[in-house]
Amino acid sequence: MAVEKILMPQLGESVTEGTIEKWLVEVGDTVNKYDPIAEVNTDKVNAEVPSSYTGVIKELIAGEGDTIEVGELVCYIDVEGGATKEKQEESTGQQASENISEDKKEQTQDEEQPMKRRYSPAVLRLAQENDIDLEHVNGSGKGGRITRKDIQKVIDSGEIPAPKQEEKAPEPKQEKKEAPAAAPKPAAPEASKGSDVPVSEGDIEIPVTGVRRAIANNMLRSKHEAPHAWTMIEVDVTSLVEYRNGIKDDFKKKEGYGLTFFAFFVKAVVEALKEFPQMNSMWAGDKIVQKKDINISIAVGTDESLFVPVIKNADEKSIKGIAREVKELAQKAKTGKLKGEEMQGGTFTVNNTGSFGSVQSMGIINYPQAAILQVESIVKRPVVMNNGMIAVRDMVNLCLSLDHRVLDGMICGKFLARVKENLENISKENTSVY
């Protein structure tokens with residue numbers, strides 16, 4: 001039996017690390033090539049790590065909750081044929097590290113603790129937020145690597161190692177230079193407050209997952225950088241409701257999936273974006289980038305996370321095509337099958353907050369986009385008609401959050417008016433879902 005390594009795969013174009021959420025195998029389990037062996041969480045998506053070989057799991061290197069960089073070792077597997085070369089190398093490495101002298105540690109870093117000073121972004125972030133000197137932290141990961149669990153253990157113990165004083169003592173001036181460096185931490189004050197939250201008996205501490213951390217960072221960045229403004233418009237969708245309710249049963253029998261109101265709203269927004277391309281823009285510091293493609297981000301919530309997959313080239317799709325893609329993306333998000341590329345490239349976000357009964361909300365813009373539209377719940381309300389009569393109508397609020405660096409009230413008002421017109425003109429006579 002030869003021992004082979006299974007490494008953390010590249011799970012997306014810009015993904016650099018993944019967190020082992022759950023091992024699907026144990027030591028001694030037999031797996032086939034491509035069988036899923038672990039559930040991994042990244043800042044983009046949840047995914048399964050497949051086995052690269054057929055064999056028997058020999059050793060799980062990464063623990064659940066450990067954040068591993070792409071290309072790094074997660075486990076060993078015994079496969080047929082060859083010699084256990086890796087085992088021999090590991091033994092040699094351990095022997096060398098035991099006999100090494102203190103003054104040669106730096107030269108033999110790769111043999112002794114090759115991972116000691118290789119910190120993942122999650123470890124660095126947690127250490128910086130809590131002023132932890134990583135040189136004084138013992139790593140439990142492979143090769144002495146410091147994991148997120150190691151940092152959390154230090155925080156929970158309350159014995160946070162302070163930075164070395166010996167290096168600063170001979171040069172007082174250098175000490176003064178380093179002191180102000182701790183001050184400019186724009187996001188840290190918010191994050192570090194968490195460590196000061198008192199925990200009482202019975203309280204439940206929930207670790208922050210990679211996806212939740214990514215959401216937090218993106219929302220914080222959006223609120224800090226983009227000056228948010230907000231506006232709302234009321235839309236009479238009585239004709240839309242009658243039309244959709246009249247064809248939904250036949251549509252489902254024919255297509256095999258439901259025709260939701262949301263698909264109509266996305267289509268109306270896309271048509272308005274074609275007329276007002278300024279809404280489909282992004283702030284880029286010294287310029288505003290107006291995107292050619294119309295890629296609609298949609299929010300999909302699960303019990304544990306929020307995902308924002310993207311309907312690519314939505315302007316080229318019919319209402320039926322949009323409905324199908326919304327269904328497929330939502331299903332992938334809820335089953336952990338979303339790919340990283342399916343969550344990239346969004347240019348404008350439409351959020352279906354009405355599915356939870358909301359009637360008014362203020363969304364945080366999905367950075368670096370310039371706006372997000374919240375589609376609220378359709379409710380029946382008495383409305384004064386043009387002839388002065390009062391009628392019960394199906395009404396919905398559309399709430400727009402905008403980046404005031406990119407957009408102004410006039411263009412946003414015209415855009416919302418066009419969306420309103422598009423929706424109010426939907427009927428059996430002039431709208432096809434195909």
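Leaving aside its neighbours within four places in sequence, which residues is F415 in contact with? The model is predicted, with local features needing pLDDT of at least 70 and side-chain atom pairs counted only at pLDDT 80 or more, whereas totals for chains, interfaces and linings use all residues. Residues are numbered from 1 along each chain as its sequence is written, and side-chain values use heavy atoms, with hydrogens and water left out.

**Figure 1. The surroundings of F415 and the nonpolar cores.**
Beyond its neighbours within four places in sequence, F415 is in contact with V269, A272, L273, F276, M279 and F348; contact means heavy atoms within 4.5 Å. The largest nonpolar core has 59 residues, of which M279, I296, F348, F415 and L423 touch the most other members. Helix α9 gives the most to this core, with 10 residues. Another core, of 20 residues, lies apart from it and has W23, V25, A38 and A47 among its members. A nonpolar core is a set of buried Ala, Val, Leu, Ile, Met, Phe, Trp, Tyr and Cys residues joined through side-chain atoms within 4.5 Å. Buried means under 20% relative accessible area, exposed over 50%, and partly exposed in between, with a 1.4 Å probe and protein chains only. In soluble globular proteins, nonpolar side chains tend to be buried together.

**Figure 2. Helix α10 and its packing partners.**
Helix α10 covers residues 319-334, a run of 16 residues, and reaches 23 Å from its first C-alpha to its last, close to the 22 Å expected at 1.5 Å a residue. The expected span is 1.5 Å times one less than the number of residues in the helix. Helices (H or I, at least four residues) and strands (E, at least two) are DSSP runs, numbered from the N terminus. The buried residues of α10 are I319, G321, I322, A323, E325, V326, L329, A330 and A333. These buried residues pack against α9 (261-275) and against the strands β12 (296-298), β13 (300-301), β14 (306-307) and β15 (310-311). An α-helix has 3.6 residues a turn, so residues three or four places apart point the same way. Just after α10, G336 takes a positive phi of about 75°.

**Figure 3. The open sheet of four strands.**
The strand order is β1-β8-β6-β3, with antiparallel pairing. Strands β1 (2-7) and β3 (30-31) stand at the edges; each has a single partner strand, so one side of each is left without a neighbour in the sheet. Two strands pair if DSSP finds at least two bridges between them. Strand β6 (residues 55-60) and strand β8 (residues 73-79) pair in the antiparallel sense over four bridges. L60 stands opposite C75 in β8.

T67 is placed in strand β7 (residues 67-69) and counts as buried because its relative accessibility is 3%. The side chain of T67 makes a polar contact with the side chain of T19 at 3.0 Å. A polar contact is a pair of N or O atoms within 3.5 Å; within protein, one must be able to donate a hydrogen and the other to accept it, and residues adjacent in sequence count only if both atoms are side-chain atoms. C75 counts as buried at 0% relative accessibility, and C399 likewise counts as buried at 0%. A search of the whole structure finds zero disulfides, a disulfide being a pair of cysteine sulfur atoms within 2.5 Å.

**Figure 4. The loop residue I378.**
I378 lies in the loop between β17 (371-375) and β18 (379-384). With 25% relative accessibility, I378 counts as partly exposed. Leaving aside its neighbours within four places in sequence, I378 is in contact with V237, V241, F261, F265, D394, M395 and V396. The C-alpha atoms of I378 and R393 are separated by 9.8 Å, the two residues being 15 residues apart along the chain.

Most residues other than glycine have a negative phi, and most peptide bonds are trans. A cis peptide bond joins Y367 and P368, with omega about 5°; P368 lies in the loop between β16 (348-351) and β17. Y34, in the loop between β3 and β4 (36-41), has a positive phi near 80° and is exposed, with a relative accessible area of 61%. N313, in the loop between β15 and α10, has a positive phi near 50° and is partly exposed, with a relative accessible area of 24%.
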